[in-house]
Amino acid sequence: MQETREHAASYYAATRKPETNYPILEGEHRCDVAVVGAGFTGVSTALHLAERGYDVALIEANRVGWGASGRNGGQLIGGFADVGRIGKALGPDAAAMARQMGFESREILVQRVEKYSIDCDLKIGYLDVAMNDGDMRVFAGYLEEKKDAGYTHEMRIIPREEMPDYLGTDHYIGGLADYGNGHLHPLNLCIGEAYAAHELGAKVFEQSRVTRIHHGDKPFVETESGKVHANKIVLAGNGYLGNTEPKIRHKIILAGSYMIATEPLSDALVDELVPADWAFCEQTVGLNYFRLSPDKRMLFGGMCNYSGRDPKSITASLQPKMLKIFPQLRDTRIDYEWGGIIAISVKRIPQFGRIQGNTYYAQGYSGHGVAPTHLAGKMLADAIAGDSEQFDVFSKVRHLWLPGGKWFANPAMALGMMYFRLKELL
Ligand SMILES: Cc1cc2nc3c(=O)[nH]c(=O)nc-3n(C[C@H](O)[C@H](O)[C@H](O)COP(=O)(O)OP(=O)(O)OC[C@H]3O[C@@H](n4cnc5c(N)ncnc54)[C@H](O)[C@@H]3O)c2cc1C
């Protein structure tokens with residue numbers, strides 16, 4: 001993937017506000033906590049710490065929100081980890097805790113938007129869409145489980161006959177509506193949260209890649225032109241951290257994920273195709289998801305690519321998937337295409353841990369991180385402040401070490417995904 005220190009060209013980058021222009025890290029600095037990476041994980045951690053009075057330095061290799069956080073589908077989906085897998089790994093109490101944490105992740109994000117008046121086009125309304133009866137059965141179980149666990153937002157099964165109220169396609173046989181989830185402009189959210197942290201005193205540095213981390217009693221991080229000494233370090237580089245910290249790199253698999261944005265649709269097309277201005281998501285492994293932007297573009301995402309190479313043309317790969325659902329868009333121009341990296345945890349449970357006691361990390365949200373990263377930031381801040389209850393539960397999960405990193409692991413992963421895809425098709 002060809003990357004620069006400026007934002008990748010995307011609909012979000014073209015509509016970001018405000019433009020960020022934090023200084024490059026130069027010289028020596030001291031602080032309580034140095035946070036490496038200004039995506040949602042890093043920004044959320046910095047904001048939680050700054051709110052508690054910590055002296056924080058947030059160090060970003062490119063621009064705030066440059067990574068997956070500024071490029072994603074913008075689908076706000078409460079939830080934290082696969083509760084079933086947590087149950088298997090750590091027992092029923094941990095599973096119940098993870099369920100509540102999923103609810104909490106959504107609340108933290110929405111409260112952030114309200115508290116700091118962040119202009120990120122947040123809209124509530126989300127529909128999981130069903131391709132078959134199996135999906136509908138899963139939805140029914142899911143609805144009961146969430147209600148039993150005390151989920152306070154309305155949820156409702158949408159039968160086929162009501163689907164035209166939401167979508168103008170016969171591709172789906174029904175859905176599960178969730179009035180807690182929704183959609184937003186992820187880059188503007190990330191920029192807004194970084195600004196809030198900065199206003200509370202956090203030092204933010206952009207275009208400053210951390211090249212080395214020095215562990216020990218007095219840890220510090222180094223960039224090309226500066227150093228930050230800190231009592232604690234947080235690694236929030238996730239899928240873009242690369243070799244900065246080899247100890248955690250081999251626990252995740254990297255996958256490319258992609259989106260396209262159409263030209264603005266006419267009012268007539270909007271009324272026909274997406275009468276409810278909600279977010280929509282399929283249940284398949286290489287799931288399609290879509291929603292409207294405020295200026296009425298169809299933002300459509302889907303593919304996952306484990307080869308380590310972007311497709312030759314993102315539009316040529318994604319547009320046919322969109323047209324299968326909405327053939328009415330056949331003459332609609334595609335204005336933007338872009339991709340980003342998602343970090344996948346084989347167990348589909350976000351990874352938390354410590355290195356040498358005073359370096360903390362969180363990574364591996366497996367393509368579902370907009371809300372979970374907001375809780376991750378709180379968990380990291382809590383752990384640094386001495387309350388590590390949630391952090392410790394997750395750091396107990398034993399994650400697979402993938403020898404050879406992405407080059408070894410990805411063919412195996414691709415085969416595994418193909419197996420699940422085949423199962424779906426059958
Ligand atoms: C195309 C796409 C669509 C997605 N859609 C959704 C969705 O609709 N809903 C959802 O919930 N999730 C979605 N996700 C996943 C979600 O975006 C991620 O889980 C989440 O943004 C991860 O945030 P992060 O802060 O951990 O990582 P990132 O946002 O990737 O941020 C990491 C940051 O660290 C910086 N960095 C890395 N190394 C260093 C270093 N050495 N020094 C300094 N800085 C460094 C990078 O430049 C980057 O800015 C999607 C992801 C993609 C790619």
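1. Where is arginine 348 found? Look in the loop between strand 15 (334-344) and strand 16 (351-355). Keep in mind that this is a predicted model.

2. You'll find lysine 296 in the loop between strand 13 (289-292) and strand 14 (298-305). With a relative accessible area of 29%, lysine 296 is partly exposed. For background, most residues other than glycine have a negative phi.

3. Next, a peptide bond. Lysine 17 and proline 18 are joined by a cis one, with omega at about -10°. Proline 18 sits in the loop between helix 1 (11-14) and strand 1 (27-36). In general, most peptide bonds are trans.

4. The largest holds about 50 Å³ of space, and its lining includes Tyr11, Asp121, His183, His185, Arg291 and Pro294. By class, the lining of this largest cavity has five nonpolar, three polar and three charged residues.

5. The second largest cavity has a volume of about 30 Å³. Among the residues lining this second cavity are His7, Ser10, Gly65, Trp66, Gly67 and Arg71. Its lining divides into three nonpolar, five polar and one charged.

Notes:
Residues numbered from 1 in each chain as written. Predicted model: local features only at pLDDT ≥ 70, side-chain atom pairs only at ≥ 80, totals over all residues. Heavy atoms only, no water. Helix = DSSP H or I, 4+ residues; strand = E, 2+ residues; numbered from the N terminus. Buried < 20%, exposed > 50% of the residue type's maximum accessible area, 1.4 Å probe, protein only. 1 Å grid on protein atoms, 1.4 Å probe; cavity = no way out; pocket = protein on both sides within 12 Å on 5 of 7 lines; lining within 4 Å. Points joined across faces, edges and corners; volume = space filled by probe spheres on them. Nonpolar A, V, L, I, M, F, W, Y, C, P; charged D, E, K, R; others polar.
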